[in-house]
Number of protein chains: 2
Amino acid sequence: MSLGTFLFGSPLASSQERAERIGAAAGIPIFGLDALSSAAYGPEAALTLLIPLGAAGSLYIVPISASIIVLLTIVFFSYRQTIEAYPGGGGSYTVARENLGVSAGLLAAAALMIDYILVVAVGISAGVGALVSAAPDLQRHTLLLCLGILVLITLVNLRGVREAGAVFMIPTYLFVGTLLVAIGIGVVKSLLSGGHPAPVVTPPASRGAAAAVGVWLLLKAFASGCTAMTGVEAVSNGVKAFREPTAPTARRTLTIIIALLIVMLAGIAYLVRAYGIVATDPGQPGYQSVLSIMLGAVTGKGLFYYVTIGSILLVLALSANTAFADFPRLCRVIALDGFLPRSLAIRGRRLIYSQGVYVLAALSALLLIVFGGVTDRLIPLFAVGAFLAFTLSQTGMVFHWKRVGGRGARHSIFVNGFGALATGLTVVVVLVAKFLEGAWITLLLIPGLLLLMVSVRRQYHRVALEIDCQTPLELKSFRPPMVVVPIDRWSRVAKQAFTFAFNISPDVVGLHVDSGERTVYLQKQWQDYVEHPVQELGMGAPKLVCLKSEYRFIINPIVDYVLQLERANPGRQIAVVIPELVEHRWYYFFLHNQRAAALKALLYLKGSPRIIVINVPWYMQGR
Amino acid sequence: MSLGTFLFGSPLASSQERAERIGAAAGIPIFGLDALSSAAYGPEAALTLLIPLGAAGSLYIVPISASIIVLLTIVFFSYRQTIEAYPGGGGSYTVARENLGVSAGLLAAAALMIDYILVVAVGISAGVGALVSAAPDLQRHTLLLCLGILVLITLVNLRGVREAGAVFMIPTYLFVGTLLVAIGIGVVKSLLSGGHPAPVVTPPASRGAAAAVGVWLLLKAFASGCTAMTGVEAVSNGVKAFREPTAPTARRTLTIIIALLIVMLAGIAYLVRAYGIVATDPGQPGYQSVLSIMLGAVTGKGLFYYVTIGSILLVLALSANTAFADFPRLCRVIALDGFLPRSLAIRGRRLIYSQGVYVLAALSALLLIVFGGVTDRLIPLFAVGAFLAFTLSQTGMVFHWKRVGGRGARHSIFVNGFGALATGLTVVVVLVAKFLEGAWITLLLIPGLLLLMVSVRRQYHRVALEIDCQTPLELKSFRPPMVVVPIDRWSRVAKQAFTFAFNISPDVVGLHVDSGERTVYLQKQWQDYVEHPVQELGMGAPKLVCLKSEYRFIINPIVDYVLQLERANPGRQIAVVIPELVEHRWYYFFLHNQRAAALKALLYLKGSPRIIVINVPWYMQGR
């Protein structure tokens, strides 16, 4: 078994594609991990902003969570419709491009791509951050841990979609299961105690209120809480990965993901209020995550607490996987339209778009390294992209229904239009609330990416125009090329090269760079070994050209001679036949000067279409 | 001016070699820096071992220094003779090889090469070590400083021998000058005061005697002091770098270097005794180098003190340069004999053996990085190699004189024989005294290097045997090759490739890997654009072969087809013509799949001598 097979699994035939498709059970961890895991940081992000309100903070989490849940429901219904309308995979790019035009599509794509890269970096570093706050000894290995998890996720994804589903299923369901159980217990306790349950472990007391409630503060808390909604787009983009009937399977998957997320968000909000939990200052001594405080209050710090906290860490770190499932598909669609390098649309050995996986891994690794694995500062950046894509997608759907018309179109227009309005407003809120904290970076990156995509498309177009050809071969120009063979000394290697040279053309020149005594000897050999046999066949005597080299350079004089020959023979092809010794062990490489490679590179660089380089390899025995 | 010219200077013609040669004034810094700078650490190394003797330590430095000076004188006279006998450059390798046989020569070479690599690492790290003990803030940048100096020395050396001499002249003469002045002042003061001068700055008091004097201790002190003698070999190796008359110039240079070194060693020993200076524990608080204590005692810590200490730091750090001057020459001689890769014998643009400079820089950088720039542990390793080479060289000279005979031969035999005996004994002393501290590493490395050199020679021999050829071209086998042209779609790129293919052979096959709908279209085009024109010329219709690919691989089916074609046509050459799009900007590289390169690499790897790969590049316009 080769290393490739061990790491990535054996290649899959195109005909195996159907078997690689997934059902809802595997679809939830693959496309839902990002959305579900955000239950672990969305409420926390909102509550952190409410700290200045003191104990009153825990009261406001209910209306904020309610708004987020309403928004989530709107987006859910919109995307349900999108899946139905675009069973071939209806990501924001496709929908916006088809209904709003190419620019809108690219805008959505750019926003989403940036978002996915951020999701990977932020997810992994958040998971590792939670881990090292539990085990401070690991603190100094933060970056290493981040990159290790990234490599792991990348490898799993390179093995294909189904394998990824299998791997991520256990932590995902463990997380959802334990959190739901904890919420269930908490809600029952709260109801039994008439809304005022006694905490098992008392939550930290709030500091006194330092600020009055204001619209601005609530808006910011809402904007932060909206990070809980990233990842909702993933299912609609990946419809084709689902088992037949694809669209219904995808819709069922989306419904389950959103339902679970809503129950978790609502449950957390209810318990936070019931137990009067307020956030603690991150980065300060005594910091504890909201979920940790809540779990402690509901169940105490026993085995269950630790299992749940463990699954939260795991799911946070693995939430990057959703981006890995979706980013390559997004890139593929864009690449098929020519806006990204075409290799992003090629399916690798395991039927996934491997290049996209590499690109995502590389870019997020770069982010992790630049920020040393501590990506707190990136969090404000990453809801903008998602909501921009949501808005464009929903707006696109409105135009879609208008165009399609028919029964129920008005209802559909209303659903998607309302979605567009709600997410559009959210974009504005998020942008305004987080502009200074980092959202401006996204605003700069998106046009950059747009520009890149447009340039790629333009270059492809230029190439296509230039190489397009609707004319047949012009055979009147058939004429053997002039052949130049650089020769150092007569050897089997040289003999093989000259044999090939005379096989393709009678017009052969030997080219020797003068090295003193050996030249005279070579000239003698040339007569005996080349001139005579060729003349005996009645052909003209081939020339041996000897060049002087003032600066001991071997390659430059050859290149100059070839270029001069090309100028002197307009319309004629010049073939440079380079004899090359190929050793059967790589470490013998160092024993031979690499002139053949250098000569070839230089001839390429000087680039004339009439100069063709031919390597005639002599393979050393002994293999 | 290109970057290359800026960094390395413009290329030098072979005819400029004479002008690049150096006189004694430049020869001293180039070939003597290593020897001269060792005055700064030889006595110190000996005195450190005498610390246990307490105040009595300063007494024993005189006999130890005297022994070293005697040994140095013996070695000096031996090498004077060597230079005379080998005016073409008589390093230990040459002398031992010619007189004692190849094995002895290689042994000397291996010992010397390891020594030079160590000299670079130890010299630079000693200099940086002295610097950071003066400026502790720089401590954490130790490795960076080491590597920076290494890069600097490498660059200077790549500019050629003369430039290196000019750069290193000032620090060398400053060092020698200030140290001699200090010694002079000290000696005068001492004589005026009847042998008991009053120190300006009182030297640190010695600790009480902790051990009695023993032969073992004195031997170890002597062995450590012998590090002062490394680098003496350099001049005899580099005779050819000197101006005409080369041998006398080289001898004069050697004489001056040794004379300066002896004066400095003797002066330091005298003053150490006169001022009762004992070494302080390196690595302990209050550590100060012996030269620093001595300078303080003689002149006080004024401007002169700081200038002298500064020049010592500079010279230590730059002492690596001697190795850079000599190591490439040594490698070149060995490479000419085929025991090292031949590229080591090629002179670069500035008439120096650039490859050797790179190899030395890389290996010593490796040492510096592995040891983090703190190479104290390497010091015990590096006198063994030098003295082993001395011994072999002197023994070789004895046999040389025996063979040559003539007037004065007996005297010469005596001089070299005595040198061999003395240095041979020193090897044993150094080995025994320092075996556990690290000399055993050298004992392991030398056979490893020997083995490498013998293998290189064997492989060259094997290649030479295999490619040797004394037979003329066999023209009866002239027959155009079968040509295979992979084609994806008809384009200008493809058209150009087919034009070349038909230019070199009438036997052309188009090879297409099936990709669904496009195949049918291509087959139609093939008829119109290729078959018809070729048939009109009365040639047979060329075939378009379409291959199925189960795993979406494009390259493997092509390779398989070519290999199959080769097997089916024994004795026939198969030319694979690969159309390739060459973009004029490197970043467009990412836009195109690199199948051409991959196909070529794979065909090479499968390696059949009858398969020849031909790139037909299509250069994109727009340059």
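**Exercise 1. Aromatic pairs**

Determine how many aromatic pairs the structure holds over all chains, and classify the pair of A:Phe387 and A:Phe390.

*Solution.* 

Step 1. Over all chains, the structure holds 18 aromatic pairs; rings of Phe, Tyr and Trp (its six-membered ring) pair if their centres lie within 6.5 Å, and planes under 30 degrees apart count as stacked, over 60 as edge-to-face and the rest as tilted. The model is predicted: local features need pLDDT of at least 70, side-chain atom pairs count only at pLDDT 80 or more, and totals for chains, interfaces and linings use all residues. Residues are numbered from 1 along each chain as its sequence is written, chains are lettered from A and ligands numbered from 1 in the order in which they are written, and side-chain values use heavy atoms, with hydrogens and water left out.

Step 2. The rings of A:Phe387 and A:Phe390 are edge-to-face, at 5.2 Å centre to centre and with 80° between the planes.

Step 3. Both residues belong to helix α17 (residues 382-404) of chain A, where they are three residues apart, about one turn of the helix. Helices (H or I, at least four residues) and strands (E, at least two) are DSSP runs, numbered from the N terminus.

Step 4. A:Phe387 and A:Phe390 are both buried, a class that means under 20% relative accessible area, with exposed over 50% and partly exposed in between (1.4 Å probe, protein chains only).

**Exercise 2. A pair between two helices**

Explain why the pair of A:Phe498 and A:Trp526 is edge-to-face, and locate the two residues.

*Solution.* 

Step 1. The ring centres of A:Phe498 and A:Trp526 are 5.3 Å apart and the planes stand at 70°, so the pair is edge-to-face.

Step 2. Distant parts of the chain are linked by this pair: A:Phe498 lies in helix α19 (residues 492-504) of chain A and A:Trp526 in helix α20 (residues 517-536) of chain A, 28 residues apart.

Step 3. A:Phe498 is buried because its relative accessible area is 0%; A:Trp526, at 4%, is buried as well.

Step 4. A:Phe498 and A:Trp526 belong to one aromatic cluster together with A:Trp490 and A:Tyr529.

**Exercise 3. Charges over rings**

Identify the ring that A:Arg457 lies over and the ring that B:Lys402 lies over.

*Solution.* 

Step 1. A charge sits over a ring if NZ of Lys or CZ of Arg is within 6 Å of the ring centre and within 35 degrees of the ring normal.

Step 2. A:Arg457 lies over the face of A:Phe339, 5.8 Å from the ring centre.

Step 3. For B:Lys402, the ring is that of B:Phe399, whose centre is at 5.5 Å.

**Exercise 4. The sheet across two chains**

Give the strand order of the open sheet, then describe how β5(A) pairs with β4(A) and with β5(B).

*Solution.* 

Step 1. The open sheet has ten strands in the order β3(A)-β2(A)-β1(A)-β4(A)-β5(A)-β5(B)-β4(B)-β1(B)-β2(B)-β3(B), with mixed pairing. Two strands pair if DSSP finds at least two bridges between them.

Step 2. At the edges stand β3 (543-547) of chain A and β3 (543-547) of chain B, each pairing on one side only. From one strand to the next, the twist averages 25°.

Step 3. Within chain A, β1 (residues 482-486) and β4 (residues 574-582) are parallel over three bridges, and A:Val483 stands opposite A:Ala575.

Step 4. β4(A) and β5(A) pair in the parallel sense over nine bridges, with A:Val582 bridged to A:Tyr619.

Step 5. Between the chains, β5(A) and β5(B) are antiparallel over three bridges; A:Val613 has B:Asn615 as its bridge partner.

Step 6. Nine of the nine residues of β5(A) are buried. The buried residues include A:Ile611 and A:Val613 on one side, and A:Ile612 and A:Ile614 on the other.

Step 7. Helix α21 (residues 555-568) of chain A lies across β1, β2 (508-513), β3, β4 and β5 (611-619) of chain A, at about 150° to β2(A). Axes are lines fitted to C-alpha atoms, for helices over the stretch in contact, and angles run from 0 to 180 degrees between N-to-C directions.

Notes:
Contact means heavy atoms within 4.5 Å.
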